[in-house]
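Subject: Structure handover

Hello,

Here is the structure we spoke about, with its sequence. My notes on what was found follow below it.

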Amino acid sequence: MKKSGLSRVALIALALLGAAIMGYLLSLHYVPQEEAFCNLGEGLSCDIVNQSSYSSILGIPMALLGLLYFLGVAAAVLFIYGKATLRKIAFVSLAFLGPSLYLTGIEIFVLGNICVFCEASKILMVAMVAVALLALKPKDRFKGAASAVVVAILLAGATHLVFASSKPAVPSGTYDTFAQCMYERGMRMYGSVTCAFCARQREILGDSFEYIREIECDPRNPGNVAELCIAKKIERTPTWILENEAGEDVHRFEPGIQSLKALSEVSGCPLPEHPNA
């Protein structure tokens, strides 16, 4: 098989593999499944990343954008393969790596979790750039590379601005008094550091969540009290329970994310009058 034929097959294979990964992540986004098989323990959770507030931009799931990108590459290689197509694939892939790597930073520094499949898709993008460039003649390989890098930086910056403007963080200390009051009155949250919905519950309370002292139920994670969770019949997390001094249930919420209003009504702890001030 000629070099051009090998490059074409390689690009199609990489693109279809990327599309399969994005399709799986998209299914998790719309049909949440705790215990996705790419959840590998503390710090390595597809669920947390794929169900976080950073999993979509302007209401569009990132996984859907990734799926369209990979399918677009596969279609271009199948139907309009040539030098111009290869250069466009290299350019677009390099440009899209900008926001993709920005989101890797979000995984590491904000969410504290890595989505293995998300990172695998970025490796596939780098591989497609390499294959496309190698398929071109040396004199054509780096035409437009500088422009692609500039576009990548601009797209990463635009992604940051969108998230910064549409998903403001809860101001530090907003719910400190509320969270402390709930804990003192016996409100307990049974959860897990690898639980996507627990992560979203934490986002609602911001840094005030530390006063809740979440009870770790997953036996795979450090500091777990799995035996207590079994004794309390915790089937899914997060599960909020108002307990008396003896540890007996006074009120048990259905598993899932609870609004602060609901937690306030059951615990009797008042919410701050102007939480966003």
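**Disulfides**

The link of Cys181 and Cys269 is left-handed, with -85 degrees about the S-S bond. Please keep in mind that the model is predicted. The sulfur atoms of Cys181 and Cys269 are 2.1 Å apart, and the two residues form a disulfide. Cys181 sits in helix 7 (residues 176–184) and Cys269 in the segment after helix 10 (260–267), so this pair ties together parts that are 88 residues apart in sequence. Cys181 has a relative accessible area of 14% and is buried; Cys269 is buried too, at 1% relative accessibility.

The count comes to two disulfides. Besides the pair above, Cys217 and Cys229 form a disulfide, with 2.0 Å between their sulfur atoms. The link of Cys217 and Cys229 is left-handed, with -80 degrees about the S-S bond. Cys217 is in the loop between strand 4 (215–216) and helix 9 (226–231), while Cys229 is in helix 9 itself, so the pair ties together parts that are twelve residues apart in sequence. Cys217 and Cys229 are both buried.

Cys115 is buried at 0% relative accessibility, and Cys118 is buried with a relative accessible area of 14%.

**Hairpin**

Strand 5 (residues 239–243) pairs with strand 6 (residues 249–252) in the antiparallel sense, over three bridges. Ile241 has Arg252 in strand 6 as its bridge partner. Five residues lie between the strands of this hairpin, where Gly247 takes a positive phi near 85 degrees.

In soluble globular proteins, nonpolar side chains tend to be buried together. The largest nonpolar core here has 43 residues, of which Leu11, Leu25, Phe70, Val73, Met128 and Phe163 touch the most other members. Two or more residues of this core come from each of helix 1 (3–30), helix 2 (46–50), helix 3 (62–79), helix 4 (83–111), helix 5 (116–135) and helix 6 (145–166). Helix 1 gives the largest share of the core, eleven residues.

Which residues is Phe163 in contact with, leaving aside its neighbours within four places in sequence? They are Ser53, Tyr54, Ser56, Ile57, Met62, Tyr102 and Leu103.

Regards

Terms used:
Residues are numbered from 1 along each chain as its sequence is written. This is a predicted model: local features need pLDDT of at least 70, side-chain atom pairs count only at pLDDT 80 or more; totals for chains, interfaces and linings use all residues. Side-chain values use heavy atoms; hydrogens and water are left out. A disulfide is a pair of cysteine sulfur atoms within 2.5 Å. Helices (H or I, at least four residues) and strands (E, at least two) are DSSP runs, numbered from the N terminus. Buried means under 20% relative accessible area, exposed over 50%, partly exposed in between (1.4 Å probe, protein chains only). Two strands pair if DSSP finds at least two bridges between them. A nonpolar core is a set of buried Ala, Val, Leu, Ile, Met, Phe, Trp, Tyr and Cys residues joined through side-chain atoms within 4.5 Å. Contact means heavy atoms within 4.5 Å.
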